[in-house]
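Good morning, and thank you for coming.

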Amino acid sequence: MKKVILLALGFLFTNSNAQNIRMVFPQFAGKSYDFIIFQGDKQKTVVQGTIPQDGKFSLTIPKEYAPYTGMSRWLITNSQEGGGIDMVIPGKDFSVSCPEKEPNDTNITYKGNDQINELNKLYKEQQLILMRHESMLQATKAFSKEDKSYNLFEERYKEQKNFYKNFQDRLSKNSDYAQKFLQIVNLTQGLGPQLEDTEEKNARNIAQYLTQKMDWNALYTSGHWSNIISSWVSIYTQVLNSPFRFVEDFVKISTQISDKNMYADFAGRTAYFLNEQGKDAYISAIAPLVISSGKVINYEGSLALYQKGTVGQTAPDLIVKDSTNTSTVINLKDYASQINYDKTLLLFYASGCGSCENLLQQMPMYYSQIEAKGIHIIAISADKEEKIFKAKAKDFKWKDVYCDYKGIQGENFKNYAVTGTPTLILVDNKGKIELRTAEIKEILAFK
C-alpha cells in the first residue's frame, strides 16, 4: 500500500441518520487508520480506528455531515509504508473490498456502482484530446503558413479544440460527482471548459465558468477549495485587473451559496488571498456585501478584514511596549500632529519571511522618498524571540519599531486583521486608513 489511489466509489446501503462505508481489507488487520472528509479548506477527521483481524469494518460519516457527497481520504497511520485511498462519496452508503496487500484498480471490488470505470474512461478520453491538441499546436508552430501541410495541421488543431469543448459540455450535463470532480481538477491545472490561445482569454473563460457553472457545493467537498479560490482571485488581480467585474462576480457567486458555513469560508478565503496580494481596495469593495449578507456570524481570522483595518476606517490605536516593558497606547491621529507628519505608515513584518526580507532590503533605497512625502514609519514585528527581533530592527533607518513577541496573534496584528506579512497600512493625519498593500511602490505612488 505504497501510494494513494484515487477511487470513484458507488453505494449499496442506506441509512437515514449517517452514511456507512463497508470496508473489507483482511491484509491490513491491526493497522490503525484515519478517515477524513473535506469541508472547504478544512480536512475533518471523522473516524479513527484499528482494522480488526478479519479485516471487516465500517467507516461512518456522522449525521451532521450526512448525506455527504464529495471526496474523502482513508489513511493508514501506523505503517512506514503509509498508503491509503482517496474515495469519491456519492451521497449514499457503499462498500469496497480488496484481498491483496497492495490495492490497485484491478484488485479492488466495488458494489453498486461503476463510476470508477467511467471516470477512468473519461480521463483517458480527455488526455487523448489534449495530446492531439498539443501535437497539432506544435505542428502549426513548426511549419510556416506557406508549407502545403500547414492548413491540414491548423484544421486538425481547431478540430481538437472543438472536441475538447464538446467533451467538457458532456461532463457538465452529467450530475455524478465524478464528472464534477474531473472538471474541478482541470481548473487546478489551468484548464477551463475551452482551450484558449491566450492567457487572458483563458482567464476570462475560467472566470465565467466559476461564476456561472461551478457547483460550489461540489467544490466545497473536493479538497481543492482553497486552490480554486486562490486562482479565481488571481485571475482578477493579476490578469484581468478588473475590480468592478470582481465585485459583480463575487455577488453572483454569493447568491449561489446559501449555507452559512460555506459562505463564511468562501468570504474568508477570498479576503485572505486578496490580503496576501495587498489588494485591500478589493476587500473594501466587497466588505459591505459580506456584512449585509447576514451569513457571517463571527468575524475572526481573515473575515476580520471586512471589519478591521480596511480603507476608509479609523485606524485602531496601537498598543506598544518600550524597553522597560511599559505599555503605551498610540492614537495615530494625535501622534501625527505631535510629530508633525502628514501620514503614518504601519509596516507589519516578520524576520525571515521571504517577502518581508525583500521589502526591508528595498526600504533604505526609498526611505528619503518616504520622508519627502511626509510619511512617518512605525514597524510592528511578528517575531517571537527578542534576539531575532533586535538583530533585525537595529539596521532600520526609522526608530519606531515594536514587538510583543506574540507573532500574528499579537494585539496589533489582530486589531488590524493582519494575517500575513508584509502588510503596509497608510494612515492620514486624521487617523483614517488610506491604503493597505504589500508593496512599497504603491505607497510611493499614492497621492
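**Helix α10 and its surroundings**

At the start of α10, a side-chain oxygen of asparagine 331 comes to within 3.0 Å of the backbone nitrogen of lysine 333. That is a polar contact, meaning a pair of N or O atoms within 3.5 Å; within protein, one must be able to donate a hydrogen and the other to accept it, and residues adjacent in sequence count only if both atoms are side-chain atoms.

Before I continue, a word on the source. This is a predicted model, in which local features need pLDDT of at least 70 and side-chain atom pairs count only at pLDDT 80 or more, while totals for chains, interfaces and linings use all residues. Residues are numbered from 1 along each chain as its sequence is written, and side-chain values use heavy atoms, with hydrogens and water left out.

Helices (H or I, at least four residues) and strands (E, at least two) are DSSP runs, numbered from the N terminus. Buried means under 20% relative accessible area, exposed over 50%, and partly exposed in between, with a 1.4 Å probe and protein chains only.

Which residues of helix α10 are buried? In this helix, residues 332–339, they are Leu332, Tyr335 and Ala336. They cover an arc of only 100° around the axis, which puts them on the same side of α10; the arc is that of the directions from the helix axis to the C-beta atoms. The face turned away from the buried side carries the exposed residues Ser337 and Gln338. Among the elements covering the buried residues of α10 are β10 (318–321), β11 (327–330) and β12 (343–349). After α10 comes asparagine 340, whose phi is positive, near 60°.

Leaving aside neighbours within four places in sequence, alanine 315 is in contact (heavy atoms within 4.5 Å) with Leu332, Tyr416, Val427, Gly431 and Ile433. Alanine 315 counts as buried, at 8% relative accessibility. Its C-alpha atom is separated by 9.6 Å from that of glutamate 434, 119 residues apart along the chain.

I turn now to aromatic rings. Rings of Phe, Tyr and Trp (its six-membered ring) pair if their centres lie within 6.5 Å; planes under 30 degrees apart count as stacked, over 60 as edge-to-face and the rest as tilted. How many aromatic pairs does a search of the whole structure find? The search finds 24. In one of these, the rings of phenylalanine 246 and tyrosine 282 have centres 5.3 Å apart and planes at 65°, so the pair is edge-to-face. Phenylalanine 246 lies in helix α7 (residues 243–256) and tyrosine 282 in helix α9 (residues 280–293), so this pair ties together parts that are 36 residues apart in sequence. Both phenylalanine 246 and tyrosine 282 are buried.

The rings of phenylalanine 348 and phenylalanine 413 are also edge-to-face, because their centres are 5.0 Å apart and their planes are at 75°. Here strand β12 holds phenylalanine 348 and helix α13 (residues 411–415) holds phenylalanine 413, so the pair ties together parts 65 residues apart in sequence.

Threonine 237 is buried, with a relative accessible area of 4%.
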